[in-house]
Amino acid sequence: MANKLNDDFDILRSTKVPQPSKEARDRALHAALAAFDDAAENNAPRTQGNASGGRLTDRTFRFWREVMQKKLIAVPAFAGLVALPIAGVIGWQLMDELRPDMTLPNDGASSEAAETTASGHLGRRVAPQSAIVEDSGAFVPSAISPRSVISGEALIERSARPGYLPQPVPMMVPSSAPSDGRERFANGDTNPLKVTAEAPVSTFSIDVDTASYAFVRRSLREGVLPLPESVRVEELINYFPYDWQGPSSASVPFNTRITVMPTPWNENTQLMHVAIKGYEINQTAKPRSNLVFLVDVSGSMNEPDKLPLLKNSFRLLLDKLDSDDTVSIVTYAGRAGTALEPTKVSEKQKILQALDHLEAGGSTAGEDGLRQAYQLAESSFVEGGVNRVMLATDGDFNVGQTSDDDLKRLIEDKRESGVLLSVLGFGRGNLNDRMMQTIAQNGNGIAAYIDTLSEAEKVLVQEASSSLFTIAQDVKVQVEFNPQQVAEYRLIGYETRALAREDFNNDRVDAGDIGSGHSVTAIYEITPVGSPARMTDELRYGGARTQGSPAGEMEELAFVKLRYKQPGEAHSKLIETPVTEDNVVARFDEAGESERFSAAVAAFGQKLRRSSDLSSFGYDQIIDIANASRGADPYGYRAEFLSLVRLAAALDTK
Amino acid sequence: MMALAQMEQSLADRELARAAGRGDRAAFAALVERHYDFIYRVSWRLTGSRTEAEDIAQDVCARLGVAIRTYRADSAFTTWLYAIITNAVRDAGRKRVREGEKISAWARDLSITDTGPGDGPAEALWAAVRGLPAKQQEAVTLVYGEGLSHARAAEIMAVSETTVSWHIHEAKKRLKQIVSVGDA
């Protein structure tokens, strides 16, 4: 049978392709030359490609092969094969609805060609080069095909129409690409339980990333439980906006709010919930922005949920910027190129046009692109403003400095010069989450994973100011627990953000930044002294050490210290908050809505990480908590969370 | 020896493309002349319609006239060209969908209306190939349609060789189902 099929398959080789008509061929050659000539008139002579190209290509392929040889090949179910292409096409349609029709006015030179062809949609085939005229002087655009013949479409008024946002529809990849092991995740082992008497101090850097949540969501929507290591609980928790009161003046960049409440999944422990809410810069005081979009246009970006989604996402962001802000675009594929020199947002059409002309193809030369993006950012540096490279990619920087460490060094260097870096991840199958984490953490930016246009709306529009305007830098949290009150504790999440105890006071150690209006939450599960949940035996000689403390401090559960720097300052400031009986609520229901909801998210994240602590705590209980603490939920994020928990419950058959 | 010929051709392509990128009109004309058949063939394999393929090939040629200036010799010319072709095919497909044709119609029915010479078992199988997911379809087109090795197809698709083999494997499995359903 197998042989017979192979034979059947070989007859594919014997098919003859019907010859193209000579007229069609001539027309095509004519169109090619017409476009070529038009381009020649409007383009200055250009510089030539680099000599090391061949070597880069070789390295790329070797890298690919090495990775691919290790991977496991997942065989998609039959249903998947049918459903995915349809979902993909729907995704395309959605993307297309956001753009006006591509039809163009013909110009004289090529209209005859258009008329003689059979089907009716040929207007776009002609090559009106009016768009190119805007390119000035020796500036050389070098995306794979940035000046494609459809350039005229950019002349048509096009707005991103933010009013039209489809509900989160998973834009799946139509090809059932192997869901292989190429996605790399940054995560550590789940934080271990700490015994207060032995290690009373816990130190970590804040994390404002949300990439993990979007990744989890996508995975669940595709009907697969996410890999436990892809789940970073703190990113799940920090995905949601909470209604905590922020400070009213910029001199104190944030408020802290601490609540100690019973743990829903363990009656003998408590949760110590630490919420930090950043000061919100009002819109009129916004600093000027200098943004460089660094766009991956490698072949793998050629999927509906990658480059097209990326373009639409940036269009959304563009609407949030002021006319005085500058935007530039650098692309990278086989080589890096500048697709748009720094341009004021007031020349929006020009920016949109450059965006439209990005096309995908080739391998990935991330490092080159990154260097070029930094160069542009520095060339239009805004003193005291926001200088940021926004990297959009689906995966690797696999040419050039491939090691995460080398990249990290480059990004750290540039961070010192005042240019920060954010990473937006797109698509799936190739996503290198570890790279994203490394560079966003070291570039002091956000790492967000964008799977739908509504996610882009959340990250780039709703949270534009918190993603762009930093109010406090190098924010570190240190909690000291009182062994008289707390026997054991465990930090939920923040595995990738742990700092050494001595790093807290060391201003040279980098940590996360907080943007305008950002909220950050950290949750500890603590075991009170005398609780039956205690995992370790009490130390026979442990009690003597704290005997010297004043009586008042003996009552405190813990002492929370926050260190931060005002933007641009070298020395940190300290905020200290004792945690006392006043912070404790006796029943879980008495805790605030936001606290309870974040506890539900924490429970969900830990369950997805297969934490044994939650093995007897059901998804239905998570749903109950989340449902009761949904609140106003104006953007539907919490409702979406509930649907994800239900999905996970259905998928988790163990 | 096949490989050697390919290598020579690919070097010549690179030279021509670079010259064309510098504004050498004759080099560009020669390049398009040389690759028109490849462009048309791939378009035909992916769409199954002669007129459609002719349209797309013309579209690709016109895009080339502009894009050639951005070509730098750090990827094989055919790899680069192939990306432009598949983009054009996808744009055309998207256009069709928007124009109200049914999704499945674009994938399958087109091949029946205009299969070219004869409609033997091979043509029927090609029609089935067009119903496959895009990447599988592309892999089959390059390996069976263009007679390329998996390695070469991988280079053109800018993926790894094992991915191409996987696509081919999946395509065969899928076609096996279709073929056996047809027999029964």
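Leaving aside neighbours within four places in sequence, F314(A) is in contact (heavy atoms within 4.5 Å) with F293(A), V295(A), L355(A), M390(A), A392(A), L424(A) and L460(A). The model is predicted, so local features need pLDDT of at least 70 and side-chain atom pairs count only at pLDDT 80 or more, whereas totals for chains, interfaces and linings use all residues. Residues are numbered from 1 along each chain as its sequence is written, chains are lettered from A in the order in which they are written, and side-chain values use heavy atoms, with hydrogens and water left out.

F314(A) and M272(A) have the most contacts inside the largest nonpolar core, which has 72 residues. A nonpolar core is a set of buried Ala, Val, Leu, Ile, Met, Phe, Trp, Tyr and Cys residues joined through side-chain atoms within 4.5 Å; buried means under 20% relative accessible area (1.4 Å probe, protein chains only). Helix α8 (residues 307-320) of chain A supplies the largest share of this core, seven residues. Helices (H or I, at least four residues) and strands (E, at least two) are DSSP runs, numbered from the N terminus. At least three residues of the core come from each of domain 1 (78-166 + 282-464) and domain 2 (194-204 + 223-280 + 470-534 + 552-651) of chain A, with bounds taken from an automatic or database domain assignment. A second, separate core of 62 residues includes F36(A), A88(B), Y144(B) and V159(B).

Strand β8 (residues 386-393) of chain A has eight of its eight residues buried and is therefore largely enclosed by the rest of the structure. From β8(A), V386(A), R388(A), M390(A) and A392(A) point one way, while N387(A), V389(A), L391(A) and T393(A) point the other way. β8(A) pairs (at least two DSSP bridges) in the parallel sense with strand β5 (residues 289-296) of chain A over seven bridges, and N290(A) stands opposite N387(A). Parallel pairing also joins β8(A) to strand β9 (residues 420-426) of chain A, over six bridges; here M390(A) stands opposite S422(A).

Chain A also contains an open sheet of five strands in the order β1-β12-β14-β4-β3, with antiparallel pairing. β1 (194-195) and β3 (254-263) stand at its edges with a single partner strand each, so one side of each is left without a neighbour in the sheet. Two bridges link β1(A) to strand β12 (residues 486-492) of chain A, and K194(A) has Y489(A) as its bridge partner.

In chain B, helix α8 (residues 150-157) has R152(B), A153(B), A154(B), I156(B) and M157(B) buried. A158(B), which follows α8(B), has a positive phi near 55°.

Definitions and conventions. Buried means under 20% relative accessible area, exposed over 50%, partly exposed in between (1.4 Å probe, protein chains only).
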